[in-house]
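Me: Please take a close look at one site in the model below. I would like a connected account of it and of the space around it.

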Amino acid sequence: MSQIKIAPLGFAAGAEVTGVDLSKPLSSADQSVINQAWLKHLVLVFPGQDLSPEQQIAFSRHFGLLDPQESQAPTTLHPDHREILVLSNKMVNGKKSGTHNSGRNWHTDLTYTPRPAKGAILHCKEKPPVGGDTMWANLYLAYETLSPRIQQLLEGLEAIHDVTLIRGLEQRSPDVIAEMKRRNPPMIHPVIRIHPETKRKSYLVGQRVRGFVGMGDDESRHLLDMLNEHATAPEFVFRHRWQLGDVVMWDNRCTSHVALGDFDQTQPRVMFRCSLEGEQETGRLFERPQTDDRAAMVQAVAAVS
Ligand SMILES: O=C(O)CCC(=O)C(=O)O
Ligand SMILES: [Fe+2]
């Protein structure tokens, strides 16, 4: 019998999970309770945990394969555990860490790869006295509250996800920027997603999307702004104020998130992240379309009208 207690923290998402020590092996009863709660609440907060990298990795593996982290610059991974991405604003070898400003615009993890992450498990190791919160948006609610007309428009639509749109990427060291670009050329994914376990629909865009396949730049921009604004309305968002030792596990298949830079940057903020590998490869490489003369003319007119 499981001793786990689940207490909802928000309407859109979020639940606190207590009565389980994640440093110990997880029983199959506990694993199943956590998975059910995860599908229902999308973001689970486990307060007061203290996990070694090995224990965090072992816990994460209960919920899927770990992402091999091929998309990340090697210098941002834990030196002894490549399964862990170190999100830190501390100096490394006299330089700003390659993750000092990670996650600062709305995104779903690893959409710049062919296989967006299934989820992530983030462990708070050091935190500033106030701020440095993270927010998640419930993308099921976002989809379900669109009008049927717009839902129809999204059917079959594809978005171009671009790693260079990571906010603040240009502030990272040249070698990290070069690695991220080299490893992650622009990637196309369908906008509509069906969650493999709940079978509910949501839509995947975010602020790292450059535009939509087959649309002009202006059309893309307006549609994207509308979809992003709608998805991140306060009603659909859960905001977490971190405590030391928190482990937060989110379902990346139906949420987006943003890490706020609202804290004193001289104070350390350090998080260890395991990413769960996506179950489906939904991406294909974006190649700039060859426009014929007529299309070029229409585009030119559209640009001035
Ligand atoms: O640092 C955070 O709160 C989250 C950063 C982020 O986007 C991530 O870990 O995927
Ligand atoms: Fe993220």
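How far is an oxygen atom of ligand 1 from an N or O atom in the side chain of His107?

Reply: The distance between an oxygen atom of ligand 1 and an N or O atom in the side chain of His107 is 3.1 Å. The model is predicted: local features need pLDDT of at least 70 and side-chain atom pairs pLDDT 80 or more, while totals for chains, interfaces and linings use all residues. Residues are numbered from 1 along each chain as written, chains are lettered from A and ligands numbered from 1 in the order written, and side-chain values use heavy atoms, without hydrogens or water.

An N or O atom in the side chain of Arg269 is 2.8 Å from an oxygen atom of the ligand, and a polar side-chain atom of Arg273 lies 2.7 Å from an oxygen atom of ligand 1. These pairs are polar contacts (N or O atoms within 3.5 Å). Ligand 1 is surrounded by His107, Arg269 and Arg273, together with Leu87, Gly103, Asp109, Leu122, Thr134, Trp250, His257 and Ala259; such residues have a heavy atom within 4 Å of it.

His107 (NE2), Asp109 (OD) and His257 (NE2) coordinate the iron ion (ligand 2) at 2.1 Å. Donors are N, O and S atoms within 2.8 Å of the metal (3.2 Å for Na, K and Ca), and the site may look incomplete because water is not among the atoms. Along the chain, the spacing of the donors is H-x1-D-x147-H. His257 belongs to strand S16, while His107 sits in the loop between strand S6 (95-96) and strand S7 (119-126), so the two histidines tie together parts 150 residues apart in sequence. Helices (H or I, at least four residues) and strands (E, at least two) are DSSP runs. Both His107 and His257 are buried, which means under 20% relative accessible area with a 1.4 Å probe and protein chains only.

The structure holds two cavities of 30 Å³ or more; a cavity is a set of points on a 1 Å grid, over the protein atoms alone, where a 1.4 Å probe fits but cannot get out, and lining residues have an atom within 4 Å of a point. Of its 32 lining residues, Leu85, Leu87, Ser102, Gly103 and Arg273 lie nearest the centre. Strand S4 (84-88), helix H5 (174-183), strand S16 (255-259) and strand S17 (270-276) each give two or more residues to this lining, and S4 gives the most, with three. The lining has 14 nonpolar, twelve polar and six charged residues, with Asp, Glu, Lys and Arg counted as charged and Gly as polar.

The second largest cavity has a volume of about 80 Å³. It is lined by 13 residues, and Trp106, Val205, Gly206, Asn228 and Ser256 are the closest to its centre. This lining has six nonpolar, seven polar and no charged residues.

Helix H5 also carries Val176, which is buried with a relative accessible area of 4%. The C-alpha atoms of Val176 and Ser97 are separated by 9.3 Å, although the two residues are 79 apart along the chain.

Notes
1 Å grid on protein atoms, 1.4 Å probe; cavity = no way out; pocket = protein on both sides within 12 Å on 5 of 7 lines; lining within 4 Å. Points joined across faces, edges and corners; volume = space filled by probe spheres on them. Buried < 20%, exposed > 50% of the residue type's maximum accessible area, 1.4 Å probe, protein only. Polar contact = N/O pair within 3.5 Å; in protein donor to acceptor, adjacent residues only side chain to side chain.
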